[in-house]
Amino acid sequence: MALTKKGEFWYGTTSGDTQAELRSYSLANRYEAVRFAASKCTCGCRTFALQTDEEAGVAVRTCTDCGLEHLMGDSADYVEEAAPQTHECVCENEVFELMSGVSVHEGTHDVRWYYIACHCVECNLVGVFADWKCEAGDAAEFLAKV
């Protein structure tokens with residue numbers, strides 16, 4: 001399915017739809033996401049509850065199958081000063097497939113901006129639920145931890 005707009009929100013069914021919305025959002029933010037990674041738990045599950053504190057630069061995903069909490073990206077470096085809040089879809093669901101994207105500094109592979117897009121498993125809404133400036137070093141290493 002391609003992205004479909006209903007009212008003010010976008011809906012899709014594939015990770016490609018989520019990535020397309022993330023990229024569109026990042027272009028509007030002037031820091032284009034050029035590297036992407038979908039979240040997957042060590043147990044194999046791909047659905048999570050998401051908590052973030054954009055001010056502190058912290059994201060925590062909790063697996064819906066095994067309950068494992070995982071600090072995303074470089075969040076472990078900032079979690080002590082954070083107060084993450086749970087994200088909820090407009091349909092009130094709190095379970096998402098997650099897609100991370102980063103923009104990088106020109107001419108490097110170093111992270112400049114971090115985006116977290118969500119795909120609601122209940123209503124198929126897709127959107128960027130959190131983003132922040134992020135000086136996290138190598139994009140591949142950063143995205144390996146989402």
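Which residues do ring pairs link into a cluster? Ring pairs join Tyr114, Trp132 and Phe142. The model is predicted: local features need pLDDT of at least 70, side-chain atom pairs count only at pLDDT 80 or more, and totals for chains, interfaces and linings use all residues. Residues are numbered from 1 along each chain as its sequence is written, and side-chain values use heavy atoms, with hydrogens and water left out.

**View 1. Helix H1 covers residues 15–28.** Helices (H or I, at least four residues) and strands (E, at least two) are DSSP runs, numbered from the N terminus. Arg30 follows H1 and has a positive phi, near 75°.

**View 2. Aromatic pairs: the structure holds five.** Rings of Phe, Tyr and Trp (its six-membered ring) pair if their centres lie within 6.5 Å; planes under 30 degrees apart count as stacked, over 60 as edge-to-face and the rest as tilted. Tyr31 and Trp113 are stacked, at 4.8 Å centre to centre and 10° between the planes. Tyr31 sits in the loop between H1 and E3, Trp113 in strand E9, 82 residues apart. Trp113 is buried (under 20% relative accessible area; exposed is over 50%, partly exposed in between; 1.4 Å probe, protein chains only), at 15%.

**View 3. Phe96 and Phe129 pair edge-to-face.** Their centres are 5.2 Å apart, with 75° between the planes. Phe96 lies in strand E8 and Phe129 in strand E10, so the pair ties together parts 33 residues apart in sequence. Phe96 and Phe129 are buried.

Key: The expected span of a helix is 1.5 Å times one less than its number of residues.
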